[in-house]
Structures are given as C-alpha cells and as structure tokens.
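Look at the chain below and its fold.

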Amino acid sequence: MHARALAATTTALLASAILLFTAPGTHAVVSEPPVVIAHRGASAYAPENTLPAIDKAAALGFQWVENDVQRTKDGKLVVIHDDSLKRTTNVEELYPDRAPWKVKDFTAAEIARLDAGSWFGPEFAGTRVPTLAQYMRRVEHNHERLLLELKNPELYPGIERQTLKVLANEGWLDAPHVAHRLVIQSFSADSVRTVHQLKPAVKTGFLGTPNVVDLPGYAGFVDEINPTFSSISTSYVDAVHALVGAHGKPLEVSTWTVDDAAGAHKAAGYGVDGIISNKPDVVRTALEG
C-alpha cells in the first residue's frame with residue numbers, strides 16, 4: 001500500500017511540474033481570459049463617447065470602458081474622438097460658416113449646444129458631448145473602470161496636467177482608483193511619459209506597435225503596450241510580456257479593435273490581456289464559448 005501511495009504521489013507531482021513548466025507562448029494552461037473593454041463605450045449600440053454609450057456598457061455588464069479626451073477653445077476638456085466635430089454632431093447645421101469645425105475652435109458652451117446623438121439614431125436625439133468631469137461622474141456612478149486616451153496631445157499643450165487635475169477633482173487619483181480603475185494612454189510617447197512623470201502612481205499605456213528592439217525604452221514609463229489587432233502575433237505579445245513595466249509588473253497588452261468571434265478567438269490565442277471592442281458582448285460570448 002505504501003509503494004502504491006508513493007507512486008501516486010510521484011505521478012501527481014510530475015503532472016504539476018508539466019503544468020508549471022509549459023513552454024513560453026502556450027498560454028492556454030496558465031493565462032486568464034482577456035478583459036473585454038468597451039470601445040468609446042458600447043459604441044455599436046449607442047453614440048460613441050457619450051453618456052448613453054457608457055450606460056449601455058454598464059447595462060451589458062462590462063466594467064471597463066475606453067474614451068478620448070480633447071480640449072475646447074476656452075480650455076475645457078471634452079470627451080470626443082475626432083479633432084473635428086463634423087462626424088458625430090450637428091455642428092454644420094448650427095455653425096455652417098465655421099468649417100472645418102475643429103474642437104479647439106469652439107468654446108465649451110458652443111459644443112454643449114450640439115446634438116451628438118441623432119447621427120447614430122433618432123432615439124438618441126439631444127445627446128450631448130460630455131465634458132470630462134460629467135463623464136467621470138457617470139463612470140463613477142456606474143462603478144466602471146476607465147481606459148482614458150489623450151487624443152491629439154500635440155494640439156493641446158499641457159493637457160496631461162489638466163487631465164490629471166480633473167481626475168483629482170473627481171476623486172479618481174486616490175489609491176483605490178489608481179490601483180484598479182484607471183489607465184491613461186496615448187499614441188504620443190512624450191504625452192504618456194509626461195503623465196508618468198507628473199503622477200507616477202497612475203498606470204499608463206502606449207498606443208501602437210513599437211518594434212521589439214524598442215520595447216525596453218517604453219518599459220520605464222508605461223505599464224501597457226496597446227497595439228492594433230492586425231499588427232500583432234503570439235511572438236510579439238510574448239516579447240511585450242517578457243519586459244517589466246513602470247510599476248514592476250510584466251507589461252500588458254490590450255489590442256483593438258475586435259468586433260467578431262473569429263477575431264476574439266485569435267486575439268485570445270495570442271495571449272493578450274485585454275480586447276477593446278465596439279461590440280463587447282460579441283467578444284465576451286465568443287470567449288465564453
């Protein structure tokens with residue numbers, strides 16, 4: 001009986017060792033499913049970057065939402081993706097003589113008059129472009145988490161410090177929020193580096209796909225490398241994960257934009273940590289299947 005017990009124990013230990021020492025790149029054994037992030041809110045179902053979009057994400061059961069922040073002529077921060085108001089508002093109708101309708105050329109009061117919902121569907125008529133403060137209050141109300149993009153920071157000198165001030169005023173730079181509910185990202189490495197220097201506790205991400213040889217240069221001031229889905233592979237994700245980021249943990253990868261089951265399965269197979277999607281429910285269903 002003793003010999004049989006010893007043999008069984010040895011077999012169990014060997015099995016555990018096989019699981020522990022699975023070769024790099026084989027993520028199925030050890031990795032968790034990617035976190036699904038609602039891109040500009042649940043933007044397939046409500047107008048992007050609006051309060052209804054993050055409400056829809058919450059209603060669908062998603063904790064993480066992504067947004068874009070820009071600045072008005074009079075220095076207010078608003079949540080909108082394009083540097084022009086043309087695509088997602090009725091700015092041409094209200095201000096026909098002010099082409100090309102750049103966000104930076106309109107005051108916050110003028111932008112507050114715009115309809116940012118009718119372009120998407122009549123049921124959203126009257127939806128407004130939210131200020132960052134309004135947006136943060138709704139995210140807090142919904143108990144959501146935020147991947148915040150500083151959009152076109154080269155157009156808005158000092159937007160990093162200003163964004164951090166709004167976040168602080170809204171209670172988003174305390175320890176619980178910084179630890180679990182906030183990441184600030186940008187396509188501008190200089191902008192991300194500035195955020196890290198101003199508030200080292202905040203997690204940061206670089207949007208893009210740097211060459212593997214350049215990744216160590218980012219690791220000192222970012223926690224995430226967030227590339228477009230079409231640009232990555234398992235080997236690239238592994239190369240990112242092999243580096244330690246600004247807060248002493250392996251760099252993470254959240255990829256964008258994935259809206260179908262095939263893409264969701266492929267991204268998960270690469271071993272990414274997050275998937276950014278306009279249709280987060282479609283991605284979630286695929287990953288659960």
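Over which residues does pLDDT stay under 50? The stretch is residues 1-30, and the model has eleven contacts beyond four places in sequence for it. This is a predicted model. Where pLDDT is low, the predicted coordinates should not be read in detail.

**Confidence and overall content**

The protein averages a pLDDT of 91. Of its residues, 89% score at least 70. Confidence is lowest in helix α1, residues 2-20, with a mean of 36. Strand β3, residues 77-79, has the highest confidence, at 99.

The protein contains twelve helices and nine strands. It has 289 residues, and 46% of them count as buried. Take the contacts with a separation of 6 or more: residues 24 or more positions apart account for 60% of them. The accessible surface comes to about 13,600 Å². Carbon and sulfur atoms hold 57% of that surface.

**Nonpolar cores**

The largest nonpolar core has 41 residues. Tyr135, Leu167 and Ile184 have the most contacts inside it. Helices α2 (51-59), α5 (132-141) and α6 (159-169) each give two or more residues to this core. So much for the helices; strands β2, β3, β4 (145-150) and β5 (182-186) also give two or more each. The largest share comes from α5, with five residues.

Which residues does isoleucine 184 touch, leaving aside its neighbours within four places in sequence? Its contacts are Leu148, Leu150, Leu164, Leu167, Val195, Val202, Lys203, Thr204 and Gly205.

A second, separate core has 26 residues. Among them are Ala189, Leu215, Val240 and Val283.

**Two loop residues**

Threonine 72 is found in the loop between β2 and β3. Is this residue buried or exposed? Threonine 72 counts as buried, because its relative accessibility is 5% and the cut-off for buried is under 20%. Its side chain makes a polar contact of 2.6 Å with the side chain of aspartate 74. Beyond its neighbours within four places in sequence, threonine 72 is in contact with Val78, Val103, Lys104, Phe106, Thr107, Ala108 and Ile111.

Lysine 279 lies in the loop between β9 and α12, residues 280-288. This lysine counts as partly exposed, because its relative accessibility is 34%, between the cut-offs of 20% and 50%. Which residues is lysine 279 in contact with, its neighbours within four places in sequence left aside? They are Ala44, Tyr45 and Asp259. Aspartate 260 is 19 residues from lysine 279 in sequence. In space, the two are 7.8 Å apart, C-alpha to C-alpha.

Key
Residues are numbered from 1 along each chain as its sequence is written. This is a predicted model: local features need pLDDT of at least 70, side-chain atom pairs count only at pLDDT 80 or more; totals for chains, interfaces and linings use all residues. Side-chain values use heavy atoms; hydrogens and water are left out. pLDDT is the predictor's confidence in each residue, from 0 to 100. Helices (H or I, at least four residues) and strands (E, at least two) are DSSP runs, numbered from the N terminus. Contact means heavy atoms within 4.5 Å. A nonpolar core is a set of buried Ala, Val, Leu, Ile, Met, Phe, Trp, Tyr and Cys residues joined through side-chain atoms within 4.5 Å. Buried means under 20% relative accessible area, exposed over 50%, partly exposed in between (1.4 Å probe, protein chains only). A polar contact is a pair of N or O atoms within 3.5 Å; within protein, one must be able to donate a hydrogen and the other to accept it, and residues adjacent in sequence count only if both atoms are side-chain atoms. Accessible areas come from the Shrake-Rupley method with a 1.4 Å probe; for residues, only the protein chains shown count as cover.
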